[in-house]
Amino acid sequence: MRTKLIAGNWKMNLSKAESVTLASEVLHKVPKSAKAQVLLIPAFIHIDAVAQVISKSQLLLGAQDVYFEKSGAFTGEVSTEMLLELGVSHVLVGHSERRHVIHETDAVLNRKLIAATSEKLVGIYCVGETLQERNSGKAAEVILHQLKTGLANLSHDVIAMGHLVIAYEPVWAIGTGQTATPDHAQETHAFIRARLAELLSPELADRIRIQYGGSVKKANAAELLAKPDIDGLLVGGASLIVDEFVGIIQAAEKS
Ligand code: PGA
């Protein structure tokens, strides 16, 4: 059984005070007995403030990015050790905004994923095709390339320990209000799991959680989570609205 993982990616939104308020509202509305894992991913500079609110709770803390070097002259970057010190357990790698807006390369993303997972963080590796790639029939090819390059040389031991999560986020569905249909998402998740079985092993592929992301809201969460290969959701816009995010968590509890 793969435990469902519901993550709120707050991106470059919310002030410090708003981050603290949202974290405490989520904390008070999520039952302590929740069987799904709930992960909050604030902006770097608000991680510490959110950590104070959710420490000693079952809520998990994530970062939106990480650098692959341990320390040194890397102006503006943040290391795995710095994140671990604040209580961060999960980190996003290869979010489409990092790929397409910040132009991070496959090689950089691979180094980040290796650095994060080998330092005891759970790496959430995001994959997904653009609208143009989808329309030209290249979605499968693009996703396979992202999996191959991102997971190259990743230790099977750390994967077996649960340190790798995949997030399928079709770029055309992020922030657009256009969600993949549950059937389309399931088909792609099954494709990803089959490729993971080939690239890693069937046993590891069976254990790796694959989240869906892209315009998830409480109204569509349940039908996505009902699919056998959808093991959680990576939520952007709706994670900033407490009623929406808590509704998504409740859908996971019922799934
Ligand atoms: P969205 O973002 O839910 O606002 O579409 C998802 C994401 O980018 O992780």
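This is a predicted model: local features need pLDDT of at least 70, side-chain atom pairs count only at pLDDT 80 or more; totals for chains, interfaces and linings use all residues.
How do the residues lining the largest pocket divide into nonpolar, polar and charged? The lining has 9 nonpolar, 4 polar and 4 charged residues.

The protein chain contains 12 helices and 8 strands. Along the principal axes, its C-alpha atoms occupy a box of roughly 45 × 45 × 35 Å. The radius of gyration is 17 Å, which agrees with the value near 18 Å that a compact globule of 255 residues would have.

The 8 strands form a closed barrel in the order β1-β2-β3-β4-β5-β6-β7-β8, and the pairing is parallel. From one strand to the next, the twist averages 25 degrees. One of the pairs joins β3, residues 60-63, to β4, residues 90-93, in the parallel sense over 2 bridges. A63 has V91 in β4 as its bridge partner.

Helix α2, residues 47-54, touches β2 (37-41) and β3, and its direction makes about 170 degrees with that of β3. Helix α9, residues 182-199, lies across β5 (122-127), β6 (164-168) and β7 (209-213). The angle between α9 and β7 is about 145 degrees.

To return to the largest pocket, its volume is about 440 Å³. It is lined by 17 residues, and K11, M12, A43, Q64 and R98 are those nearest its centre. The second largest pocket has a volume of about 210 Å³. Its lining is made up of 18 residues, with G175, S215, V216, G236 and G237 closest to the centre. By class, 5 residues in the lining of this second pocket are nonpolar, 10 are polar and 3 are charged.

A search of the whole structure finds 1 cavity of 30 Å³ or more, and the largest cavity holds about 40 Å³. Its lining consists of G94, S96, R99, H100, C126, V127, G128, Q146, E169 and V171. Two elements, α4 (96-100) and β5, each give two or more residues to this lining. The largest share, 3 residues, comes from α4. The lining of the largest cavity divides into 3 nonpolar, 5 polar and 2 charged residues.

Conventions. Residues are numbered from 1 along each chain as its sequence is written. Side-chain values use heavy atoms; hydrogens and water are left out. Two strands pair if DSSP finds at least two bridges between them. Helices (H or I, at least four residues) and strands (E, at least two) are DSSP runs, numbered from the N terminus. Axes are lines fitted to C-alpha atoms, for helices over the stretch in contact, and angles run from 0 to 180 degrees between N-to-C directions. Contact means heavy atoms within 4.5 Å. On a 1 Å grid over the protein atoms alone, a cavity is a set of points where a 1.4 Å probe fits but cannot get out, and a pocket is an open set with protein on both sides within 12 Å along at least five of seven lines; lining residues have an atom within 4 Å of a point. Grid points are joined across faces, edges and corners, and a volume is the space filled by probe spheres set on the points. Ala, Val, Leu, Ile, Met, Phe, Trp, Tyr, Cys and Pro count as nonpolar, Asp, Glu, Lys and Arg as charged, and the others, Gly among them, as polar. The radius of gyration is taken over C-alpha atoms; the globule rule is 2.2 Å times the number of residues to the power 0.38.
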